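Me: Could you walk me through a few features of this structure, one question at a time?

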Amino acid sequence: MRRALPAAAAIALLLSPLLLPSEFYVNIAAQVLIAAIFALSLNLLVGYGGLISLGHAAYLGTAAYLTIGLVTRAGFGQLPAALCAVGLATAMAAVFGLLALRATGLGFLMITLALGQILWGLAYRWVALTGGDNGLSGFTRPAPLGLALTSPRAFYLFVVAVFACAFVLLALLARSPFGAGLRGVRDQPRRMQALGWNTWLIRYAAFVIAGFWGAVAGVLFAYYNQFISPHVLGLTSSAEVLLMVIAGGAGTLLGPLAGAAVVVLLKNVASAYVTRWVMLLGIVFVAIVVFMPEGLVPGLSRLRRRRRAAGAA
Amino acid sequence: MRFWLVQSLNGLALGGLLFLLSSGFSLIFGLMRVANLTHGAYFMLGAYVGLSVLNAGYGFWVAVAAGAAAIALLGGVLERVLLRKLSGRTLSQVLVTLGIAFIISDASLLVWSGDPMPLPMPPSLTGAVAIFGGYFPRYRLAVVGISLLVAVLLWLLLERTRVGAMIRAGVDDMEMARALGIPVPRLFTAVFCLGAALAGMGGVLGGPILSVYPGLDMDMLPLALIVLILGGAGSLPGALLGSFFIGFLYTFGQALLPDLAYVILFLPMVAAIALRPKGLFARAA
Amino acid sequence: MPMRAALILLAALALASGPGSAAGKDPVRVGFLTVNSGALAAGGRQMHEGLTLYLKQHGNKLAGRDIEVITLDTAGQPATTRTRTQEAVERYNVHVIIGPLAAFEALAINDYVRQAKVPVISPSAAAEDLTQRNPNPWFVRAVGSSAQFNQPFGEYAAKTLKYKRIATIGDDFAFGHETTAGFQRTFEDNGGKVVQKLWSPLNVADYGSYIAQIKPDVDAVYASFAGANGLRFLRQYAEYGLKGKVPVLGNMTTVDEGILKNMGDEAVGVVSSGWYSAAIDNPDNRKFVEAVRAAYGADPGYYTAGAYTAAMFLDLALQKVKGKVEDKEAFMKALRSVHVENGFRGPIRIDEYGNPVLNVYIRKVERKDGRLQNTVIQTVPDVSQFWKYQPKEFLAQPVYSRDFPPAKHLEP
């Protein structure tokens with residue numbers, strides 16, 4: 001019963017954008033949640049696993065390309081295309097993980113970066129398959145169970161449902177023995193090994209699961225934009241999601257959501273009021289490091305605790 | 001025959017440029033374990049500063065010195081104020097260095113406008129030399145020479161001076177160095193300034209070849225990262241060899257395998273790291 | 001706690017809900033999609049300058065109605081472009097969109113624009129299929145398509161300059177592919193041979209290794225570069241001693257006025273083709289160039305002229321519907337039937353696909369009054385995107401790309 005109230009409040013909060021008069025903000029909210037799923041997936045790797053990846057956009061991008069390409073170019077149905085997209089992208093994560101986990105730290109960062117860039121180069125050059133830098137378009141959103149997703153509000157409901165699934169499942173994973181083991185391997189790999197944990201296997205599993213959820217975000221991304229081009233596989237994309245995770249609070253559950261909100265809102269909403277929004281974004285990041293080095297969410301809850309303690313005193 | 005000769009020289013020239021770009025990066029990461037993702041922005045800002053100095057009527061070498069000095073100052077201030085408290089905290093370092101890179105990049109757009117601008121070459125180095133029936137730009141040969149000179153000077157600094165010994169001690173074993181009384185914080189700031197100066201200088205020296213434009217920072221950063229990982233962090237010979245290796249690989253790779261031009265650097269890198277995670281040219285642990 | 005957060009969030013969003021429609025006579029709202037950051041920022045700024053100048057010259061009033069421009073930064077990313085377009089339509093209720101800058105941005109919003117039925121005037125995006133195999137009834141282009149201003153050039157190179165063997169080098173992306181393809185097709189149709197095709201990545205560090213590959217015995221090099229790359233290529237081309245030896249034929253953006261001002265001797269003598277030159281010798285253009293120089297201190301090029309033309313189209317269409325931009329169908333019809341008798345670019349009219357039929361100018365870079373300019377050496381009038389080919393046959397073939405038309409005369 002104690003858990004039900006915050007859960008209900010969270011659901012109400014998630015559904016609140018549906019009440020907004022302008023459809024534009026509903027669309028922004030959908031973008032925030034899609035970015036949040038993407039950030040949640042990377043958070044598993046970076047926050048809980050301590051493995052900094054600069055190539056996570058590979059999974060989002062591949063899944064998005066497959067979703068749109070299979071439907072528009074190969075005549076697949078929507079559901080088979082989505083399943084293929086997630087499946088193949090996850091399989092790719094399984095292969096990439098084998099390569100990337102041969103190194104740690106900077107080496108890991110560089111391999112993920114390199115793999116991401118290789119995919120980007122492929123998307124750019126393999127014009128017959130990917131449309132090159134012109135990309136693929138002409139994609140219509142699916143209608144799962146007969147409900148059309150063309151209207152922003154219907155689409156937003158769909159995204160909320162997927163986000164809620166992702167959040168709950170990843171939260172359960174984080175709180176499970178697997179999650180504890182992953183954090184242990186992040187902090188004290190040698191000790192964990194001495195205790196009998198297979199450190200490589202845990203990291204590998206985290207890598208593949210992160211790839212899976214990145215792919216899910218990719219399918220949603222394809223549905224939202226109805227267009228795909230190599231930009232999504234670029235270094236900027238991977239760097240952006242990494243920044244979301246760190247700024248929001250790596251290793252926390254709400255951090256990725258906060259980080260996603262900050263970046264998406266600054267890019268799409270603040271830029272209407274502030275021409276130099278890129279500089280503003282940089283300043284926000286520096287400010288977070290200075291005032292809340294663990295991230296927005298841990299920093300804010302620290303402030304709240306301090307105020308409560310001061311109030312109680 | 002001419003093809004191989006000219007492309008070899010191109011490879012050397014590109015390698016020299018990469019060494020100027022990445023030597024500072026390697027030094028900073030090697031000693032302080034700070035992934036200074038602002039490095040590309042330092043390179044670009046150095047080029048812009050050099051451009052302004054040149055437009056004000058001063059000579060090329062003055063501009064080089066000005067670029068180095070300006071970025072050294074900026075780097076020192078940022079290290080002291082922001083990065084010092086973040087030792088060991090990689091995630092915060094990534095966030096803050098990228099944040100600073102965004103700020104520098106956007107501010108540069110404001111100050112210098114977004115028009116791409118070439119840096120004029122020093123008059124003594126313009127023109128081409130005739131080599132075996134072909135031509136090769138004099139300036140690029142000079143870049144090779146300058147990068148080798150910088151490498152030698154850095155080597156002398158590291159191997160033959162007390163400061164250099166302290167730096168090497170720090171790279172090898174930070175705890176021990178501290179226990180021996182080495183003033184680690186001041187050393188860090190000094191190294192960071194040096195690394196930033198190298199980046200700024202590299203920007204001005206690269207300017208006549210690359211020009212300066214918004215986006216130069218993000219075009220150069222991955223290259224610096226590649227050299228770092230191939231050469232091994234903190235290893236000067238590694239950075240030198242890594243730079244020239246990349247220069248040759250890139251030049252010959254895209255000439256002989258044009259279809260792979262986009263991935264020519266990354267495919268071997270994945271192979272290299274998968275085989276030797278500590279770096280191709282790193283010293284044995 | 002979540003309750004309070006929810007309330008604050010709702011309140012904030014409600015406050016920021018954007019302007020409602022004002023009572024009385026509404027201004028015509030124009031959504032201006034541009035780029036304010038990164039490598040494309042220079043072009044974005046020039047587009048802004050062109051648009052602003054036209055509006056200023058007309059007292060910010062076209063066809064008797066005030067014009068409100070809402071500038072939206074797309075960050076040069078397709079996803080952001082789509083979001084800003086949605087913002088323009090859903091939040092600001094714009095009547096027309098001018099922009100975006102890049103071809104891939106235009107393709108990203110193509111479907112949305114069709115759904116939302118909002119008129120788009122493109123001041124810059126040159127992608128061929130937007131007005132060929134994937135035409136959008138809500139789209140009209142104010143500038144030529146990529147191949148349009150290169151097809152006359154291929155013929156010129158073969159028949160007038162009498163070149164026989166040419167090597168091409170260009171940016172490895174759609175604009176580079178399409179422009180080179182247009183040139184290659186007409187050049188080879190008129191007896192020329194493209195013996196070498198090189199492609200350099202868009203953000204390549206250095207052109208040295210590409211220049212070293214260019215065959216030394218070709219008659220000329222056709223170089224198709226955009227953004228800063230034309231400047232860098234020509235400089236390095238001169239450094240390698242090729243400048244006097246093998247002439248360079250440029251694409252319009254290789255020697256665009258926007259970068260020409262920062263170039264030196266390395267650009268002198270480069271012959272190029274385009275739908276504009278700041279040196280076009282007619283009274284309207286002279287006035288235009290003077291105005292741009294006075295306001296912005298530089299000559300107008302691709303982006304400035306493109307945006308100025310887009311504003312001109314808006315003006316002409318608004319006049320035709322007597323300011324009633326709310327009748328979308330009629331306004332779009334007016335846009336599609338815009339006819340400029342004689343403007344600063346010469347006559348322009350729109351074909352049935354939404355693409356302009358315009359003059360193409362063959363230009364040569366010369367130094368005049370201490371600055372570089374693209375002197376017009378020949379005017380090719382009435383050029384359509386199909387050149388002399390039949391539209392049906394043209395469209396039946398695949399779109400111009402890296403491999404089409406196929407290069408049959410390449411030498412190893």
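Reply: Happy to! A residue counts as buried if 20 or more other C-beta atoms lie within 10 Å of its own. Keep in mind that this is a predicted model.

Me: Are the residues of strand β11 (residues 271-274) of chain C buried or exposed?
Reply: Look at the two ways the residues point. C:V271 and C:S273 point one way from β11(C), while C:S272 and C:G274 point the other way.

Me: Which residue of β14(C) is the bridge partner of C:S272?
Reply: Let's start with the neighbours of β11(C). Strand β10 (residues 248-250) of chain C runs parallel to β11(C), joined by two bridges, and C:G250 stands opposite C:S272 there. With strand β14 (residues 356-368) of chain C, β11(C) pairs in the antiparallel sense over four bridges. In β14(C), the partner of C:S272 is C:R363.

Me: How do α12(A) and α13(A) run relative to each other?
Reply: Helix α12 (residues 255-268) and helix α13 (residues 277-291), both of chain A, pack at an angle of about 160°, with their axes 9 Å apart. Angles over 145 degrees count as roughly antiparallel. The two helices, α12(A) and α13(A), are therefore roughly antiparallel.

Me: How many residues in the contact of α12(A) with α13(A) are nonpolar?
Reply: From α12(A) come A:V262, A:L266 and A:K267, which meet A:W277, A:L280, A:L281 and A:V284 in α13(A). Of these contact residues, one is charged and none is polar, and the number of nonpolar ones is six.

Technical notes:
Residues are numbered from 1 along each chain as its sequence is written. Chains are lettered from A and ligands numbered from 1 in the order in which they are written. This is a predicted model: local features need pLDDT of at least 70, side-chain atom pairs count only at pLDDT 80 or more; totals for chains, interfaces and linings use all residues. Axes are lines fitted to C-alpha atoms, for helices over the stretch in contact, and angles run from 0 to 180 degrees between N-to-C directions. Angles under 35 degrees count as roughly parallel, over 145 as roughly antiparallel, 65 to 115 as roughly perpendicular and the rest as oblique. Two residues are in contact if their C-beta atoms, placed from the backbone, lie within 7 Å. Ala, Val, Leu, Ile, Met, Phe, Trp, Tyr, Cys and Pro count as nonpolar, Asp, Glu, Lys and Arg as charged, and the others, Gly among them, as polar. A residue is buried if 20 or more other C-beta atoms lie within 10 Å of its own, exposed if 12 or fewer, and partly exposed in between; C-beta atoms are placed from the backbone. Two strands pair if DSSP finds at least two bridges between them.
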